[in-house]
Each structure stands twice: as C-alpha cells, then as structure tokens.
Amino acid sequence: MTKEIKNPETIALHGGEYRSDPATTAVAVPIYRTTSYQFKDTDTAANLFALKEFGNIYTRIMNPTNDALEKRLAAIEEGLACVTVGSGQAASTFSITNVCQSGDNFISSTDLYGGTVNLFTHTLKKLGIEVRYADPVNPKNFEKLIDDKTRAIYAETLPNPYLRVFPIEEVSDIGRKYNIPLIMDNTASPIICKPIEQGAAVVVHSLTKYIGGHGTVIGGCLVDGGNFDWTTNPKRQPLFNEPDASYGGAVWGKVVPELTGANVAFAVRARVVLLRDLGSALAPDNAFGIIQGLETVALRMKQHCSNAEKAVEFLQKHKNVERVIYPTLHKGEIGDRAKKYFKGGNGGLVGIEVKGGVEAGKKFIEALKMFYHVANIGDARSLAIHPATTTHSQLTEKELLAAGVTLGYVRLSIGIEHPDDIIADLKQALDVAGSVN
Ligand code: PLP
C-alpha cells in the first residue's frame with residue numbers, strides 16, 4: 001500500500017505491508033510474544049541462516065510485530081528499510097558502529113543531545129572510534145575535518161537548547177563528494193522534516209519521544225534511505241566492501257543488493273550483525289506500544305507545532321521573559337533553514353530565558369501546575385526542565401554558556417492540550433518567577 005499513499009496521516013495508519021494479521025485477520029498489529037519460530041524444514045532453516053531466503057529466525061533479530069512497525073517507519077521517513085532497537089541510544093550507537101571500527105573516525109555536529117555527547121566522546125572513544133565535532137553554523141566546518149578514515153557525518157535535525165535547524169542538504173552534499181553518508185537524528189521533528197528527501201543516507205529516532213508520544217515506551221530505530229552508494233569507493237566504507245569473517249565472508253555492499261534487489265545494505269548489516277551480536281532488540285510488547293503512538297503522530301505533530309507557535313507569541317510579550325528561542329526566531333541563514341527544511345510546523349520545543357537567573361528559573365519550574373517537570377521531550381503532555389539545576393548542573397557557568405544554557409534557561413516541550421490552558425499555566429508561573437526581580 002505504501003507506494004500509492006503519500007500523506008503522512010495515512011501512512012501512519014496504513015504504511016508498510018501490514019494490512020491484517022495473516023493468521024487471524026486481526027486489524028490491529030498483534031503482539032507476537034515469541035522468542036523463536038518453527039522452521040518449515042531443514043533446507044529452509046539452512047537458507048534462512050545463509051540469507052538465501054528471508055524469514056523469521058529468532059526475536060533478537062526479527063519479529064512480526066516489530067516488522068510491521070519497521071515497515072511503517074521506513075514509509076514515514078521515505079526510506080527503504082528500517083531496524084528497530086531497544087532505545088534511541090541504541091539507535092545512535094548502531095548508526096556509528098555499523099560504519100566505523102577501531103581506528104576510524106566520524107564527524108558530529110556540536111548541537112547534540114547530552115546522552116549522545118557522552119556516547120560519542122567517551123564510550124566510542126574507549127572502543128577506538130574517534131568523534132570530531134563541527135559547528136553546524138557553517139556547513140563547511142564539516143569538510144575541514146574529513147580524512148581517509150572518516151566514515152560518517154552525524155547530526156540532529158532540531159537540537160536543543162539552540163533549536164537551530166541543521167543544514168541537511170548542504171552537509172549531505174559535502175559528505176557525498178567523499179562517499180561519506182549523513183546520519184540524521186530526527187527525533188525532535190518527525191513528520192515535519194524528511195531528512196532522507198534532503199540527502200541524508202540514514203535517519204535515526206528515539207521512538208520514546210514524539211513517535212511513541214505517550215511517555216510509556218522506550219525505543220529506537222534506524223531507517224536506511226536506500227539512497228547511498230556503499231561500494232563505489234571501497235576504501236571509504238570497509239565494513240561494506242571487505243569480507244565479513246563473522247558471516248561466511250559476506251561482502252555486505254555486494255551481497256545485500258544481490259539477495260534483496262534493493263540498496264539496503266546498511267539496514268541488513270545493522271540487523272544481522274549488530275542486533276545478532278550486541279542484542280539491543282526492541283521487545284514486541286514495546287513495538288506494539290510504539291505502533292499505537294505512531295498511528296496518530298501526524299495529528300499530534302500538528303497540534304504540538306500550532307500550540308508552540310501560540311506559546312511563543314505569548315512568551316515574546318511577557319515582561320519576565322528575557323528571550324524566546326524557537327527555530328523561526330533565529331535571524332538570517334539559520335532562521336531560513338527552518339523554512340527550507342520544515343513543512344507543516346516548526347516543532348514543539350521552545351526555549352525561554354526567564355529574567356532573574358537561577359532563582360527565577362527554579363521558581364518558574366516550581367510554580368508550573370500543569371506542565372510536568374521531567375527530563376523528557378515529545379510527550380503528549382506539556383513538559384518543562386531547568387537545565388542549570390538538573391541536566392547541566394555539573395557544569396560551570398562558563399561551560400553552561402558554551403552549551404547554550406543560560407542560568408534562567410528553561411526548555412519547554414509543548415504538549416497537545418488546549419493552547420489556552422498551556423498559556424494560562426505559563427502565565428501564572430512567569431508571574432511567580434517575576435517576584436525574584
Ligand atoms: N536523541 C535525542 C535527540 C534525544 O533527545 C534522546 C533522548 O532524550 C535520544 C536520542 C536517546 O533516546 P532514548 O532515551 O530513547 O534512548
């Protein structure tokens with residue numbers, strides 16, 4: 001059905017191959033709570049292991065509930081294939097370890113979720129993989145860091161706290177000159193941004209956020225755009241051009257297109273090598289939970305975006321707000337990127353600097369009645385956090401400023417409640433925060 005439908009509202013409900021359960025005709029995707037699958041005969045079993053036939057082997061590597069979710073996610077992101085994993089962190093880890101081995105490097109945008117910074121700077125370093133950071137304000141910064149061992153470029157479409165939309169096409173073009181894929185974390189802007197259409201080779205998501213949408217499930221995914229040439233420059237991508245001793249000498253860049261007729265070597269390698277070995281599988285129960293969210297994500301994104309625009313309008317006029325941070329409020333080229341890359345809204349994340357520094361920021365958070373004070377984004381409910389006293393509390397004032405966090409900075413994840421109720425809660429909390437001035 002996927003090829004005939006183009007609208008995200010419809011793809012979210014009907015995208016992929018699942019129409020009804022082949023065994024029972026159930027319309028909702030069932031939870032296949034099984035670890036393993038009975039092989040038809042010994043030849044079939046041998047073929048499945050040799051990748052001569054595709055089918056279910058073991059739930060660490062594939063599961064029919066996850067499969068329905070994966071195909072729908074691939075359709076939503078306009079990619080060719082998708083692999084789900086146990087968390088957004090696992091998706092980021094897989095996206096790099098699927099292209100880099102010890103001695104290699106990759107380039108990452110400096111505008112990044114803190115958990116990803118830890119993974120890249122510390123954990124991957126211990127595995128011998130080097131991250132090189134580039135400031136995305138100027139796309140040329142990425143090119144300067146490329147050398148013979150650079151295997152990928154990584155960035156987020158809508159990173160906080162700055163909320164500067166990433167120059168996807170510009171950086172993808174630079175990467176493609178050197179046969180280097182761009183991996184985009186699109187967690188904060190599903191539906192409204194399509195990185196693969198703009199040249200990204202791979203999209204990763206924390207499904208925990210807007211796609212799950214209800215704050216109930218942790219999950220992640222990698223979508224293979226099917227638009228990247230892994231084999232023309234074999235030295236650039238050794239993991240796709242050299243025989244894999246762990247899989248009978250398979251050369252992934254060659255064998256996958258031969259077996260599947262599709263350019264999905266990245267997704268297949270992530271599944272049959274990384275899921276097999278690292279084991280960060282998404283449980284089918286959680287895949288089911290994420291499907292419930294996915295089915296309404298397009299609708300929710302509209303409400304998140306329109307509520308955020310209304311909140312921004314209100315916040316800009318409030319006397320206790322020093323500054324409002326929102327993708328379209330950036331001046332010049334950076335603000336223009338929101339117009340270029342986002343369609344149908346500019347996201348649900350809003351930053352504010354409350355007048356009065358740390359004390360005002362704390363008072364504001366404590367005074368909120370409807371917003372939840374949590375370290376999360378993308379829930380249907382409105383959320384807020386004061387980084388200076390929580391996620392970034394280990395940093396000095398200078399380090400905070402370098403990370404784009406002022407003492408009074410509060411990150412808001414605007415939910416899908418009625419906009420009047422969101423604004424009323426913000427107003428009463430800002431009035432309380434104003435008492436410190
Ligand atoms: N990427 C982004 C942009 C995030 O905000 C997060 C979590 O906050 C992650 C990845 C990691 O996702 P998870 O919490 O599902 O592991």
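Two strands pair if DSSP finds at least two bridges between them. Strands (E, at least two residues) and helices (H or I, at least four) are DSSP runs, numbered from the N terminus. This is a predicted model: local features need pLDDT of at least 70, side-chain atom pairs count only at pLDDT 80 or more, and totals for chains, interfaces and linings use all residues. Residues are numbered from 1 along each chain as its sequence is written, and side-chain values use heavy atoms, without hydrogens and water.

**Strand β12 and its partners**
- Leu-383 stands opposite Ser-413 in β12.
- Strand β11 (residues 383-385) pairs with β12 over 3 bridges, in the antiparallel sense.
- Strand β9 (residues 349-354) also runs antiparallel to β12, joined by 5 bridges.
- Gly-351 has Arg-411 of β12 as its bridge partner.

**How β12 is covered**
- One side carries Tyr-409, Arg-411 and Ser-413. The other carries Val-410 and Leu-412.

**The nonpolar cores**
- A nonpolar core is a set of buried Ala, Val, Leu, Ile, Met, Phe, Trp, Tyr and Cys residues joined through side-chain atoms within 4.5 Å.
- The largest has 60 residues, and Leu-69, Leu-73, Phe-166, Ile-168 and Leu-182 have the most contacts inside it.
- Helix α3 (residues 64-76) gives this core its largest share, 6 residues.
- A second, separate core has 42 residues, including Val-202 and Trp-230.

**Around Leu-182**
- Leu-182 touches Phe-166, Ile-168 and Val-202, among others, not counting residues up to four places away in sequence (contact means heavy atoms within 4.5 Å).

Notes:
Buried means under 20% relative accessible area, exposed over 50%, partly exposed in between (1.4 Å probe, protein chains only).
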